[in-house]
Amino acid sequence: MARTLPTLLPADLELRLLRKSVSVLDKARDRCADCGRTPLTGELVHHYGAHAVVCELCRPMRRREPDRTAKVPHCEHGHTVKVRRAA
Ligand SMILES: [Zn+2]
């Protein structure tokens, strides 16, 4: 007697691929150490130590001055083509 194998419908495959890609993108995001929010492009974020990033909204709740402050770059930052002129 032949066993029937579970089949993967195209809609199931699409859903699995979507969930996988979203989880990969989610892991690469910086999050605020206090509220968990992802800072927006152009927003100032404050770095405390090597790994703690705090958003602009949570910054007033910390007493210590940040080690450094930086603007969140656009997602294409570093991936665009730049024209270089020969010297
Ligand atoms: Zn925050």
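View 1. The model is a predicted one, in which local features need pLDDT of at least 70 and side-chain atom pairs count only at pLDDT 80 or more, whereas totals for chains, interfaces and linings use all residues. Residues are numbered from 1 along each chain as its sequence is written.

**View 2. The three strands form an open sheet in the order 2-1-3, with antiparallel pairing.** Strand 2 and strand 3 stand at the edges and have a single partner strand each, so one side of each is left without a neighbour in the sheet. On average, neighbouring strands of this sheet are turned by 30° against each other, direction ignored; axes here are lines fitted to C-alpha atoms, for helices over the stretch in contact, and angles run from 0 to 180 degrees between N-to-C directions. Two strands count as paired if DSSP finds at least two bridges between them.

**View 3. Strand 1 and strand 2 form a hairpin with three residues between them.** Strand 2 (residues 52–54) runs antiparallel to strand 1, and three bridges join the two. Within this pairing, Y48 stands opposite A52 of strand 2, while H46 stands opposite V54 of strand 2. In the turn, G49 has a positive phi of about 70°.

**View 4. Strand 1 (residues 44–48) pairs with strand 3 (residues 68–71) in the antiparallel sense, over four bridges.** On this side, the bridge partner of H46 in strand 3 is T69, and towards strand 2 H46 stands opposite V54.

**View 5. The C-alpha trace of the chain spans about 70 × 50 × 20 Å along its principal axes.** The chain has a radius of gyration of 21 Å, whereas a compact globule of 87 residues would have one near 12 Å; the radius is taken over C-alpha atoms, and the globule rule is 2.2 Å times the number of residues to the power 0.38. Buried residues make up 6% of the 87 residues, a residue being buried if 20 or more other C-beta atoms, placed from the backbone, lie within 10 Å of its own.

Conventions: Buried ≥ 20, exposed ≤ 12 C-beta atoms within 10 Å, placed from the backbone.
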